[in-house]
Amino acid sequence: MKVPHIRTLQAAEADFVCNEVLPALGTGPFRIEDRVLMRRDSAIFRASSPASATALAVKIYDPVASKPGAAEKLYASLRKYESRDKFTVPRAYAFVEKHHAVVMEWIEAPRFGDTLLRLPPWTGKRREQVTLAGEWLRWFHATTDVRQAPYDGPKALRKIEKIAARSETATGCTDKNLQKCFTLLRQAASHFDRQPVTHADVHDDFTPYNIFILKEGAAGFDFTAGRKGPILRDICRFLVYLDTHKYLPTTAADLQAQGCNRADFEAFTQGYGADPDKSPEGFLLYMQLTEIVRLWVANMTRRRAVQGLIRSLETRRLRRMALHVSQALEKKLPAA
Ligand SMILES: Nc1ncnc2c1ncn2[C@@H]1O[C@H](COP(=O)(O)OP(=O)(O)OP(=O)(O)O)[C@@H](O)[C@H]1O
Ligand SMILES: [Mg+2]
């Protein structure tokens, strides 16, 4: 589980945000709340102003730790998706180049990832919210050009090799099942190369930690607009996270053919629509396995030893999912 680290604000930081960053909006005076969400490469402040009815989120990137142009990209990405209906992204108000900062609408809602931990799969509320997340993603993809295009196997293979290289530096890399997964993924990347699959501008990090479920609708964030990719990449990352971030053990009966929880899969696809079925036979399993292995390796290689117990439970669950999915995928691929 990713929990943003919360730090108490220093007076100097509040002055800096109020006097250097927020004046770009021109509607002061501003007040900063006494809490900052500290991220690896950015800090997020909550600000308010009597001139504006809603609170503001100020995201300031660390110029050294963040990728070049991150703030500008975030601003441009948010501006691109300005549909104001049931499905939204935070409104972007200003990009402050000098301070690598973006000022946007503060969305008052818990992250879905945090809510999920209290919602077992068989509850109606979970079903409703997972469906909403599926609907949000469908809206997000549909805002762009959705079409069938050949799958780029070599590009996928490069990503797989990157994860494999990362796993070699981690402890636990000798896990035979993980090695078997990499072999299958390599095989699948070349099997699906050039096959037509549904592409759109993808979110690229669509997890329950990057979406807020609102009273009416949902708001997604933390994406870079304009990246083309198979829609199943977003769908599968979300499905894998849904099944990983919970404490109850998964039984074989809960896992459906796609290797994620049956109830969650049905709820999500009810929201997203039938598109996952349009992909070539076995492609969904391959995308699922890619995401499972990516998260498995990420769990092994994370430096901070926080939440050790939760992480080891997650890893156990991921290994089980990987086994389940790889057995099913193996049957769909031509014999090596
Ligand atoms: N517009 C917003 N309104 C309210 N809270 C926000 C907003 N933007 C970000 N946050 C909070 O800050 C956290 C981190 O934001 P974001 O996901 O953009 O950063 P990140 O560094 O990429 O995080 P991660 O590595 O967890 O994906 C979010 O999980 C959310 O709690
Ligand atoms: Mg995020």
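**Close-up views of a predicted model**

**View 1. The largest nonpolar core.** Of its 85 residues, Val58, Ala133, Leu289 and Ile292 touch the most other members. Such a core is a set of buried Ala, Val, Leu, Ile, Met, Phe, Trp, Tyr and Cys residues joined through C-beta atoms within 7 Å, where buried means that 20 or more other C-beta atoms, placed from the backbone, lie within 10 Å of a residue's own. Helix α9 (residues 283-301) gives this core its largest share, 11 residues; helices are DSSP runs of H or I with at least four residues, strands runs of E with at least two, numbered from the N terminus.

Residues are numbered from 1 along each chain as its sequence is written, while chains are lettered from A and ligands numbered from 1 in the order in which they are written.

**View 2. Around isoleucine 292.** Leaving aside neighbours within four places in sequence, isoleucine 292 is in contact (C-beta atoms within 7 Å) with Val240, Leu318, Met321, Ala322 and Val325.

**View 3. The shell of ligand 1.** Here 17 residues surround the ligand (C-beta within 6 Å of it), and Arg39, Ala57, Pro90, Ile107 and Asp222 are the closest. Strands β3 (42-48) and β7 (101-105) each supply at least two shell residues. Both domain 1 (5-105) and domain 2 (112-332) contribute at least three.

Definitions and conventions: This is a predicted model: local features need pLDDT of at least 70, side-chain atom pairs count only at pLDDT 80 or more; totals for chains, interfaces and linings use all residues. Domain bounds come from an automatic or database domain assignment. A residue is buried if 20 or more other C-beta atoms lie within 10 Å of its own, exposed if 12 or fewer, and partly exposed in between; C-beta atoms are placed from the backbone. Two residues are in contact if their C-beta atoms, placed from the backbone, lie within 7 Å.
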